[in-house]
Structure formats: C-alpha cells, structure tokens
Amino acid sequence: MSDVSHNSGPTPARRLIVNADDFGRNEAVNTAVAEGFRRGIVTSTSIVATGPAFDQAVVLAKQLPDLGVGIHLAATEYIPALPPTEIPSLVNSEGRFYPRGKQFRRMAVHRGMRKDLLVEWDAQISKAADAGIKLSHIDGHGHCHAHPAAAGVVLELAQRYGIKNVRLPAEPVIWNPGLARSSRFLAKVGLNLASQVSRRVWQGKLNLPDSFYGFSHGGQITKEVIREVATSVRPGVSELMVHVATSKDQLPGYRTKFDFTIDFRGVTAFTKEQFEKEFGVFLVPYRRR
C-alpha cells in the first residue's frame, strides 16, 4: 500500500481508504481492526484516546506500522480526557459526556462550548501523540468533529498538531447501492447539510477525501455492500467507514445499535490483493503527515 496521493495525469486512479472506527473501544474491536488489516481490506483506523482498551490499541498500532491511525475525537459516550471541572459545558452531573442528541443540540446553541471542546479534544489528541501514535487524520464519534460548531476547533487543532487530513462524512445523497433503502436516509441528509459548513471551513486548509461511504449501511457493511461501494468509487480518493469487532459484547456503560461483527465479516471477505484485482480500486491509508 502507498499513502494517499492524487495522480497528476488526466485519469486519476480510483483509491479507497477503509477506515475502522473506535480503535481502543474494547479488546474485541482492537483484535478485529488488526485482523481486518492483516487479512482483509482495512487500511486505516481511528483511535479513541479515552477508550477502555486504548493501551492495547497503541501496542497493536506499533506492531502494524503500515496501518494508518487517526484520532477518533469523542464528545459523547466515552469518558472525557479532562476532569469534569475543566470542561463543565460538556458533561452531566456524573462527569460523563451528555448523550449524543442532547450534546449536539447544546453545541448548536451554546457558544461557550467551543472553549471546552478545544481543551478536551486537545487533551485527547495529545494523549495519542504522547503514546507515540503518528496521527494520519481526524474523525469523530458520531461525526461530532463535523458539527458546524466544531469545524473551527478541528481546524485549529489539526494545524496545531500538523495533521493534514480530516473526514468529511457526506455520503452522496443520491447514491443507491441497489440494496434495500437505508432507514438512515433522513439522518444522512441532515449530516450532509451540516457537513457543508465544515467543508467551507476546511476547504483549502485540510485534505478531504473526494467521496465518503458507510453511513447508510452503518453496522451492516456486508460483502455485498462492499462490492457496491467498490463499483461506485469514482476517480480520486474515497473513504469507506466501518465498525469491526470479533464479538458483539460491550463493556459496561457502552452500547451501540450496530453489530460490529457484520462489518468484520465484510472486510475480511476479500484480501487486499483480491479486492484490487477484482475491482481495479487501490486500497490506501490516509497520507501521513
């Protein structure tokens, strides 16, 4: 694999980043990320600095130097990196982040949250960097990093840490993979609209993949969905988001509607060589700084 780059000729190659989110969530996720890279099509992952299995994820990342590793910023579900007293607008009375819907609504109306997001996400990035992770890109849990209120914070931190790439989670609205219509269609439209604000903030300052896939069929990235993505990828660089695990089990205090084992079976249905030969799409990570 080579790092992400754009061809200078008239017909750019079709390149696909396959990023497994939530590295560090638990041991089952960590194992699946590593196995998805070793024997499947995973090329990249994003680490949660406050994930319960962060330390194990760091060890695995160092054992797999060709695996791209970005930061998976968190403002929901996971515990904060900083004491609650230092980020009062982000946490409830128990010192945990507010639930996703409430947090995102608060971010839309409370301008003072920008300061708390800045210091909290700085602490998360710093923890990963201090552990020896050379961060390739920024994305976010629940796409919090692409919230209109957070786009400027992400740009500031990317420039501070020399991170050149960021996920723009705007799956093509008209993309129809030929499967059952996703129940997340309306949510996709809303995320696309919100992401346009972030696009304007980041454009020309950070590198964004040309296309993004994986939202409509979150938690259901089967071999068939991957095949549909591969045939839809356009010239340039695209990203497919997946969530993988070897088990459905979740640690206390963590829950998800996704079945991460489905995505794991999907990404290991092809080797990298098989995928590239069958679809003519090059598998790449985000370009490192």
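Which hand does the crossing of H5 and H6 have? H5 passes H6 in a right-handed crossing. A crossing is right-handed if the near helix is turned clockwise from the far one by less than a right angle, and left-handed if anticlockwise.

## Basis

This is a predicted model: local features need pLDDT of at least 70, side-chain atom pairs count only at pLDDT 80 or more, and totals for chains, interfaces and linings use all residues. Residues are numbered from 1 along each chain as its sequence is written, and side-chain values use heavy atoms, with hydrogens and water left out.

Helices (H or I, at least four residues) and strands (E, at least two) are DSSP runs, numbered from the N terminus.

H5 and H6 pack at an angle of about 35°, with their axes 9 Å apart. Axes are lines fitted to C-alpha atoms, for helices over the stretch in contact, and angles run from 0 to 180 degrees between N-to-C directions. On the H5 side the contact is made by Ala151, Gly152, Val154 and Leu155. H6 contributes Ser198, Val201 and Trp202. Contact means heavy atoms within 4.5 Å.

Helix H5 (residues 151-161) also packs with helix H4 (residues 113-130). Their angle is about 35°, and their axes are 10 Å apart. H4 passes H5 in a right-handed crossing. From H4 come Arg114, Leu117, Leu118, Trp121, Asp122, Ile125 and Ser126. They meet Gly152, Val153, Val154, Glu156, Leu157, Arg160 and Tyr161 in H5.

## Ser198

Ser198 has its place in helix H6 (residues 185-202). Ser198 is buried, with a relative accessible area of 0%. Buried means under 20% relative accessible area, exposed over 50%, and partly exposed in between (1.4 Å probe, protein chains only). Neighbours within four places in sequence aside, Ser198 is in contact with Ala146, His147, Pro148, Ala151 and Leu168.

## Aromatic pairs and charges over rings

The structure holds 3 aromatic pairs. In Phe270 and Phe275, the ring centres are 6.0 Å apart and the planes stand at 80°, so the pair is edge-to-face. Rings of Phe, Tyr and Trp (its six-membered ring) pair if their centres lie within 6.5 Å; planes under 30 degrees apart count as stacked, over 60 as edge-to-face and the rest as tilted. Phe270 and Phe279 also make an edge-to-face pair, with centres 5.7 Å apart and planes at 70°. Phe270, Phe275 and Phe279 form one aromatic cluster. Phe270 is buried at 4% relative accessible area, and Phe275 is buried at 0%. Phe279 is buried too.

Two lysines sit over rings. The charged end of Lys223 is over the ring of Phe270, 5.5 Å from its centre. Lys272 lies over the face of Phe37, at 4.6 Å from the ring centre. A charge sits over a ring if NZ of Lys or CZ of Arg is within 6 Å of the ring centre and within 35 degrees of the ring normal.

## H7 and H9

Helix H7 (residues 223-232) and helix H9 (residues 272-279) pack at an angle of about 50°, with their axes 10 Å apart. That makes H7 oblique to H9. Angles under 35 degrees count as roughly parallel, over 145 as roughly antiparallel, 65 to 115 as roughly perpendicular and the rest as oblique. The crossing of H7 and H9 is right-handed. Ile226, Arg227, Ala230 and Thr231 in H7 meet Phe275, Glu278 and Phe279 in H9.

## The enclosed helix H8

Why is helix H8 (residues 260-267) largely enclosed by the rest of the structure? The reason is that 6 of its 8 residues are buried. They are Phe260, Thr261, Asp263, Phe264, Gly266 and Val267. The cover over these residues includes strand E1 (14-23), helix H1 (27-39), H7 and strand E6 (236-242).

Most residues other than glycine have a negative phi. Asp22 has a positive phi near 70°. Asp22 is found in strand E1, and counts as buried at 2% relative accessibility. Glu77 has a positive phi of about 65° and is not a glycine. Glu77 is found in the loop between strand E3 (68-73) and helix H3 (100-109).

Pro285 is found in the segment after strand E7 (282-283). Pro285 is buried, with a relative accessible area of 2%. Pro285 and Pro84 are 201 residues apart in sequence and 35 Å apart in space, C-alpha to C-alpha.
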